[in-house]
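Take a look at the model below.

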Amino acid sequence: MTTVAFTLNGVPISADVQPRTHLGDFLRDGHRLSGTHLGCEHGVCGACTVQINGAQARSCLTLAVACDGAEVMTIEGFDHDPVMADLREAFTTHHGLQCGFCTPGMLIAARDIVLRVPDAAEKTIRRELSGNLCRCTGYVGIVDAIASVIEKRKERTEAALATPARTAAAFATFEPIAPSSTASRSPSSRETLTFAREASLRPGWTRFDESFVIHKPRAVIWELFGDVRRVAACLPGVEVTSCDDTSAKGRMMTKLGPIAASFAGSALITRDPANWSGTIVGAGTDSGSGSRTKGEIVYRLGPIEQDEMTRVDLSVLYNLQGSLAQFSRSGLAQEFARQLVAKFAENCSSQLGGGQPAAPASQSLDVGKMLWLASLAWLKQIFRRSN
Amino acid sequence: MKASAFDYVRPPDLAGVLDMLRQFSGAKLIAGGQSLLPLLNLRLARPTLLIDIGRTEALRAIEDRGTHVRIGAAVTHAELEDCLIPDCPMLRTVAGGIAYRAIRNRGTVGGSLAHADPAADWPLAMAALGATVVVEGKAGHRRLPADGFMLGAFQTRLEEDELVVAVDVPKLSPDARYGYYKFCRKTGEFPEASAAAVFDPFSRTARLYLGALSGPPQPLHDLAATIARQGLAAIADVAIADAVDRVAAGDSIERRMRCAAVTRALKEVFAE
């Protein structure tokens, strides 16, 4: 517990809080200020918007303990505010609400727009309001309400802010100085992953293909891939607790920057010697974040250069649910998967005494700071937008 | 949807912050927290200690340093949106387009660079501006080019005991032109594709970068140089597609969005 003291709706308060308590919970649970609504709790919906030191902010993305000494205003604090009075009336007149869940956040954002951008036209109002979601009104009433208050205030003051002009010089051609090269960038190494957005895939499932080459004959790789514990040893963060030829149980630790997860799960393994291919079907759960993943990896080994080297083709199909799926960011998974496969290829090679893998020569492997340890299927999906 | 338990400290000054970083290896810095809080709330990040640098005075200044402007790491996006720095007009353009005002009021420049989300605005914009990230740590002071500071998704050149204290942004000459464009599915969301261009005949710099990739922003140096020499005539769909293909793989939709982002950023450069 940490003691925090700040001014809440004009009244000084002091309370003991756990550092992890965000301002929204602090206001609702600790001070019964239930006008601040909690929707998404990760900064997307805007329902929990309050005012901190005169500026609108997300109470779900602010720690209560970080508000020490601040001036916090919630919707309850604006009862006698003249701008808010105008907005309340306008929201009623223009049907700017239906269920009312978004309204406290909407009003605080709207008040900020009216005061900060006093000449805002519809387009600007819509842009400024983009951080507050409403599922009832379609925004038309809300935008009209804010516009009407802006008009009303303009009539009173006729004050408008001048927008600063941009540099107006015309483009002049010149001979550029060659830029100093920074991190090495090998274009070809970025071309290793292909993604399928196939219509035939079930919703929420994603597939991608990846391949690499190891300087060893196919039979050697085949033998390695048949040994669950040796394969696991090549996968960073993977720990096998029990296994036989057709199944395995274990844990996979993953870390990427501030993100960490530990998936416990199991897999079934089948091998098809006639086609030099195999299938791994698995599922796992990260109890810490409540994320679940399941997936299928199909590999196929092909000889190249009279079987001096082996080409490993991977096809991965997977699905992820829970927090990790919710925290989506397109493109990132591609990079993680690429790096993980590259690391796996490198580890396979070194375990077999075959030196560095021939391809893909990932530039990121030169980086001495690979904090992450990752699951291929998991990573591929984490930041994938759901279809 | 509630963060797991952690301890929290707010050292009074930068020396205190560096001390705490040295002492606690599992500590995580928090400035505005607008990227970290979602991760905490979703329990995707479970640090044991947060060190709050959001109010550290030494990180809060914007200073004119002659050839460049020094932006303190804990300066918020909204502060840059609201102040016009005459020789760095692009900062305002970029800052005003980040997420939503409620986020901009708390999110910081240094936090964005250190968090290293590939889709974030500052890693791209600062690379295009030729900025330098100023870092402080056990080993002392380091100056790292913004281009190359991000190593990959959520990975930077920062050591465990280091933090970003400021970013030095070179001033642009009055003849300089810039462009910045990003494709967002919804206003304020992280972009699907983004591009930044800065051309300054005075310092003879031509920089064009593609952002929102799987890793760090990628430079399109050759295309930028050709444009610097030839002007508008060098901007052709084929040349842009070729430059984009060299640095980023993707499906046809991603490719088209990236090409369009570059084209539109360049269009701003040549806008009357």
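How many salt bridges are there between chain B and chain A? There are five, a salt bridge being a side-chain nitrogen of Lys or Arg within 4 Å of a carboxyl oxygen of Asp or Glu. B:R10 makes one with A:D68, and their closest N and O atoms are 3.5 Å apart.

This is a predicted model: local features need pLDDT of at least 70, side-chain atom pairs count only at pLDDT 80 or more, and totals for chains, interfaces and linings use all residues. Residues are numbered from 1 along each chain, chains are lettered from A in the order written, and side-chain values use heavy atoms, without hydrogens and water.

Now the whole interface. Chain B brings 95 residues to the contact and chain A brings 79 (heavy atoms within 4.5 Å). Together they bury about 7,300 Å², 55% of it on carbon and sulfur atoms; buried area is the accessible area (1.4 Å probe) lost on being put together, summed over both parts. In chain B, the residues losing the most area to chain A are B:L44, B:F154 and B:R204, together 9% of what that side buries.

Go on to the cavities, sets of points on a 1 Å grid where a 1.4 Å probe fits but cannot get out. The count is four of 30 Å³ or more, a volume being the space filled by probe spheres set on the points, joined across faces, edges and corners.

Methods
Buried area is the accessible area (1.4 Å probe) that two parts lose on being put together, summed over both. On a 1 Å grid over the protein atoms alone, a cavity is a set of points where a 1.4 Å probe fits but cannot get out, and a pocket is an open set with protein on both sides within 12 Å along at least five of seven lines; lining residues have an atom within 4 Å of a point.
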